[in-house]
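Thanks for coming. I will take one structure today, going from the fold to a few local details.

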Amino acid sequence: MAYKQTISDKIIGTLKDNLGSSFFKQYYNGDPIAIPQSLMPCIVVEKQGTNIEAGPTQMDDVTYTIVVKVIFNKKDDFGKRDDEANTQRKLEDIVEGIDETTGQWDTRSILGILRKNFTLENEITDQVLEVNYGLAPRPQDVVTAEANIMLTIRDILVVSGRS
């Protein structure tokens with residue numbers, strides 16, 4: 001059976017179209033857990049859940065919860081100055097960068113890309129973002145610095161013939 005492209009696929013496509021592959025080495029749909037160090041930095045898009053409520057006549061209000069993980073190898077900080085963790089600075093800049101001249105989201109930052117492409121090609125009606133940072137242990141003694149961008153995305157779907 002053929003199904004419509006998922007919201008996760010649309011997010012990955014939008015990020016790839018705007019960020020390319022020169023900096024991010026891999027884009028994953030779902031977290032593979034064991035990510036080779038040679039494929040970092042990378043982006044993981046992972047759907048957490050779907051909530052469906054009855055909407056207007058013959059429609060459903062659908063809310064998707066999706067996490068976009070921006071993953072850097074923390075090993076890149078080893079041997080650097082003690083007063084700054086460079087991966088943390090890079091994470092904050094690539095995720096939340098604001099253009100110095102315009103004071104707007106930088107067009108190369110992930111939040112800038114998501115906010116500019118707010119409707120994901122007219123697929124959604126609302127999006128709320130929350131960003132959290134932290135370290136994560138991964139297999140093979142790899143420790144990553146990660147930004148987790150929680151997207152709460154709303155959509156309306158037609159339910160034909162509902163009685």
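Along the sequence, the order of elements is α-β-β-β-α-α-β-β. That makes three helices and five strands. Before I go further, please keep in mind that this is a predicted model.

Some overall figures. The C-alpha trace spans about 65 × 40 × 25 Å along its principal axes. The protein has 163 residues, and 37% of them count as buried.

Next, the aromatic residues. The structure holds four aromatic pairs. I will go through two of them, both of which involve Phe72.

Start with Phe23 and Phe72. Their ring centres are 5.8 Å apart and the planes meet at 55°, so this pair is classed as tilted; the edge-to-face class requires an angle over 60 degrees. Phe23 sits in the loop between α1 and β1, while Phe72 is in strand β3, and the two are 49 residues apart. Phe72 is buried, at 3%.

The second pair is Phe24 with Phe72. Here the ring centres are 6.5 Å apart and the planes are at 75°, so the pair is edge-to-face. Phe24 is in the loop between α1 and β1 and Phe72 in strand β3, so this pair ties together parts 48 residues apart in sequence. Phe24 has 1% relative accessibility and therefore counts as buried, because the limit for buried is under 20%.

Putting the rings together, Phe23, Phe24, Tyr27 and Phe72 are linked by ring pairs into a cluster.

Now the largest pocket. Its volume is about 250 Å³. Of the 13 residues in the lining, the closest to the pocket centre are Lys4, Gln5, Thr6, Ile7 and Tyr64. Which elements supply at least two lining residues each? They are α1, residues 7-19, β3, residues 59-73, and β5, residues 142-158. The largest share comes from α1, with three residues. Sorted by class, the lining has five charged, four polar and four nonpolar residues.

So much for the pocket; last, the backbone. Most residues other than glycine have a negative phi, and most peptide bonds are trans.

Pro41 belongs to the loop between β1 and β2.

Another is Ile33, in the loop between β1 and β2. The phi of Ile33 is positive, near 70°, and this is a residue other than glycine. Ile33 has 46% relative accessibility, so it counts as partly exposed; exposed would need over 50%.

Then there is Gln58, found in the loop between β2 and β3. Gln58 also has a positive phi, near 55°. Its side of the accessibility scale is again partly exposed, at a relative accessible area of 36%.

Definitions and conventions: Residues numbered from 1 in each chain as written. Predicted model: local features only at pLDDT ≥ 70, side-chain atom pairs only at ≥ 80, totals over all residues. Heavy atoms only, no water. 1 Å grid on protein atoms, 1.4 Å probe; cavity = no way out; pocket = protein on both sides within 12 Å on 5 of 7 lines; lining within 4 Å. Points joined across faces, edges and corners; volume = space filled by probe spheres on them. Helix = DSSP H or I, 4+ residues; strand = E, 2+ residues; numbered from the N terminus. Nonpolar A, V, L, I, M, F, W, Y, C, P; charged D, E, K, R; others polar. Phe/Tyr/Trp six-rings, centres within 6.5 Å; stacked < 30°, edge-to-face > 60°. Buried < 20%, exposed > 50% of the residue type's maximum accessible area, 1.4 Å probe, protein only.
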